[in-house]
Amino acid sequence: MPSISYSDALNDALERMKDLGYERGQGVDLANHGPMGAEALALLGHGDEVSRWVERYRRAMEHHEPPAPRFALDPTDESSWRPALGAFHRAGDWEALFTRELAEAHWREVVVRWWPRLLPGLFAGLTHGLIRVAHAVRGLYAAERPTQLQLDELARGLAYWAARFTELPGHPRLTGTYDLAGAIAALPRVPHDGPLRPEVPRQRLARLAELPGYGEALTSLAPDRADRLLSEMTLRFAGVYLAHPEVFPVPLIHGVTAPAAARLVLPHLPPELHEPTLAALWQVHITFLLAFTTDRWDEDADARRAEAQAAPPAPELAARAAEHGDEHVIKFTEACLREHALRPDPRYLAAAFAAQGRVDRLDAGGAIGTAGRR
């Protein structure tokens, strides 16, 4: 058992990273994964290693400066805050807004108020707005008395979602007849000549509404109970990840971590927000499939289940993720193990094990590759 508790490890990590901006990298805009990775590592039972991991993470890539507030946003005036959605230069203003909101109301009340406003922009930062909020919510829910560090982290998660707000074309609704497996199978993939270079997904995202099958897929999925559909989403996209070793190793990870993150928040939301959240997640899944895959390969192959037999047991996978060090691997492993505990299936273990082999390791000096990252 770790000598440092989950809450102590989390707060120590937040203290060590409070000077980091929302993004990192030179010439690229990669999301700050530090708070999410540290929280997931502590949750995996490796709280003793969190402080060392934070220092490794900080050395891996230079982060941008934290944004400063410029002009106040009025949360009661839609004409004040709505034009600032997706305006990254207003990130400091968004953080100031949510800091004020969280000082005046319980964190659940703030999340419930802003969830439907931010939901149409769920693709923000390749879903990292949602994911960062969810990791912050889990920490707050576990705390007997939330610390200011934790409230500030939720403010930053919400601010990142708002500042990188990305509304995808069309309006997803769960009004179809397909179950998730059928909806995925019915979605045509767009072939590509030659290797899938980094610019290809960006080009596809720019013309998403024109891609075959996109519009029809938005309403192809049938409604289902939230917990069951979330499990289907994480399981099917664990299988998608396994089936596509030819794709950049990081982006498809979010097909699992985004719905797994939503599961952490849904218990704190009113039931009427559950179905719109599931519909928005399905739109994100459609987007991942069309932007990053060019055919179905063997997504339905039973042979993929057999691969799981070579995967280590859950405790060893968690230890391997901590040793590997990459923040995506840590978050993906935690999500897969959590989902596997809810609905045991070897594909979760196999997917986590596969990611540990496909994604570059974070070495002791902090060096890390950047191919396919976000």
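1. Asp326 counts as buried, at 0% relative accessibility; buried means under 20% relative accessible area, exposed over 50%, and partly exposed in between, with a 1.4 Å probe and protein chains only. The model is predicted, so local features need pLDDT of at least 70 and side-chain atom pairs count only at pLDDT 80 or more, while totals for chains, interfaces and linings use all residues. Residues are numbered from 1 along each chain as its sequence is written, and side-chain values use heavy atoms, with hydrogens and water left out.

2. Asp326 sits in the loop between helix H16 (314-324) and helix H17 (327-342). Helices (H or I, at least four residues) and strands (E, at least two) are DSSP runs, numbered from the N terminus.

3. The side chain of Asp326 makes polar contacts with two backbone nitrogens: that of His328 at 2.8 Å and that of Val329 at 3.0 Å. A polar contact is a pair of N or O atoms within 3.5 Å; within protein, one must be able to donate a hydrogen and the other to accept it, and residues adjacent in sequence count only if both atoms are side-chain atoms.

4. Leu126 belongs to the loop between helix H6 (107-118) and helix H7 (128-142). Its phi is near 55°, a positive value in a residue other than glycine. Most residues other than glycine have a negative phi. Leu126 is buried, at 10% relative accessibility.

5. Thr127 is also in the loop between H6 and H7. The phi of Thr127 is positive too, near 75°, and this residue is not glycine. Thr127 has a relative accessible area of 1%, so this residue counts as buried.
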